[in-house]
Amino acid sequence: MTSSLVRNGFVRGSMTQGNGCYQRKCVNSTLEVAVDGIWKVCPEAGGPIQFPGFNGELICPAYHELCSMDPILTSGQCTNSCNYNGDCVGGICHCFIGFDGHDCSKRSCPSNCSGNGKCLRNGICECANGYTGIDCSTAVCDEQCSLHGGVCDNGVCEFRCLDYAGYTCRNTSGLLNSLAICKDVLATDADGQHCAPSESSILQQLEEVVVVPNYHRLYPTGARKILNMFRGRNCDKATKRLACWISIQKCEKDGDNRLRVCHSACKAYNLACGASLDCSDQMLFSEEGDGLCTGWGDMESWL
């Protein structure tokens, strides 16, 4: 389906960014579509709908395009119109995947559930944890993958620049003139590459709608904020750096994937601010060494 949806707090790279496959169902003569587990009813003739937590809109197809109950007939007639579980071609039913029988009335477990589940007596696959699909052939990722801007590729959570709001892997030196908050932070790696929007105006928006909220979320509040006033500027500096590294991550040397923030940077932030951020969160932090994560060795140089 055509869509320009992008999660609140992220910057849209293009108006076609959200194009893709979405869950749908036909209920009581209406077409419903789901985004992030929220179902919305589409206009009968098709058209745009919006979802809470997202900017942009999804363009629904017309009801009859996905919910028509008329069997497909090219010649001849098929028993029970293939029970609408297949196409009738020349009087013979060609069943959709997961259905069997001369009239497609029986359920069947495709490929014996691909070895990733068990076939129930009713012919439906019960998938093991980590797999989904009518034949259990599709590996799934933890929901934290999408919440942190990742893309699930057959069970592997990848953080690709091009899938992250249309970013590209850019030379860091070319970003500095468009940055304000993160300019000094990224200048320490001016010869490297970071994932960032290709347009300066969108890069500036990134600091406003992503970096700044991350900074305020990370900076201590309450009693710890008062305590940090006596500790000096280390906490403020650590919070600023971590917010920038989480929001504008380095690229892989041999690819276009974003690199997670170094585990050591998370621990140094906790030490500077008396915080308790979960440094074991593998969606954000990595224990990999030199050049394989964002912020390696930089915290220790000043802390």
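1. A quick convention to start: a residue is called buried under 20% relative accessible area, exposed over 50%, and partly exposed in between, using a 1.4 Å probe and protein chains only. At 40% relative accessibility, Asn8 therefore counts as partly exposed. This is a predicted model, in which local features need pLDDT of at least 70 and side-chain atom pairs count only at pLDDT 80 or more, while totals for chains, interfaces and linings use all residues. Residues are numbered from 1 along each chain as its sequence is written, and side-chain values use heavy atoms, with hydrogens and water left out.

2. Staying with Asn8, you will find this residue in the loop between β1 (6–7) and β2. Leaving aside residues up to four places away in sequence, Asn8 touches Gly53, Phe54 and Asn55, where contact means heavy atoms within 4.5 Å. Asn8 and Gly53 are 45 residues apart in sequence, yet their C-alpha atoms are 5.6 Å apart.

3. On the overall make-up, the protein has seven helices and 21 strands; these are DSSP runs numbered from the N terminus, with helices (H or I) of at least four residues and strands (E) of at least two. Of its 303 residues, 37% count as buried. Among contacts between residues at least 6 apart in sequence, 44% join residues at least 24 apart.

4. Strand β2 (residues 23–27) and strand β3 (residues 30–35) pair in the antiparallel sense over five bridges, pairing being assigned if DSSP finds at least two bridges between two strands. Cys26 has Leu31 in β3 as its bridge partner. Two residues lie between the strands, and Asn28 takes a positive phi near 50°.

5. Which aromatic rings pair up? A search of the whole structure finds one aromatic pair. Tyr215 and Tyr219 are stacked, at 5.8 Å centre to centre and 25° between the planes. For Phe, Tyr and Trp (its six-membered ring), pairing needs centres within 6.5 Å; planes under 30 degrees apart count as stacked, over 60 as edge-to-face and the rest as tilted. Tyr215 is partly exposed, with a relative accessible area of 22%.

6. Two charges sit over Phe rings, as the next values show. The charged end of Lys40 is 5.3 Å from the ring centre of Phe51, and Arg107 lies over the face of Phe99 at 4.6 Å from the ring centre. The criterion is NZ of Lys or CZ of Arg within 6 Å of the ring centre and within 35 degrees of the ring normal.
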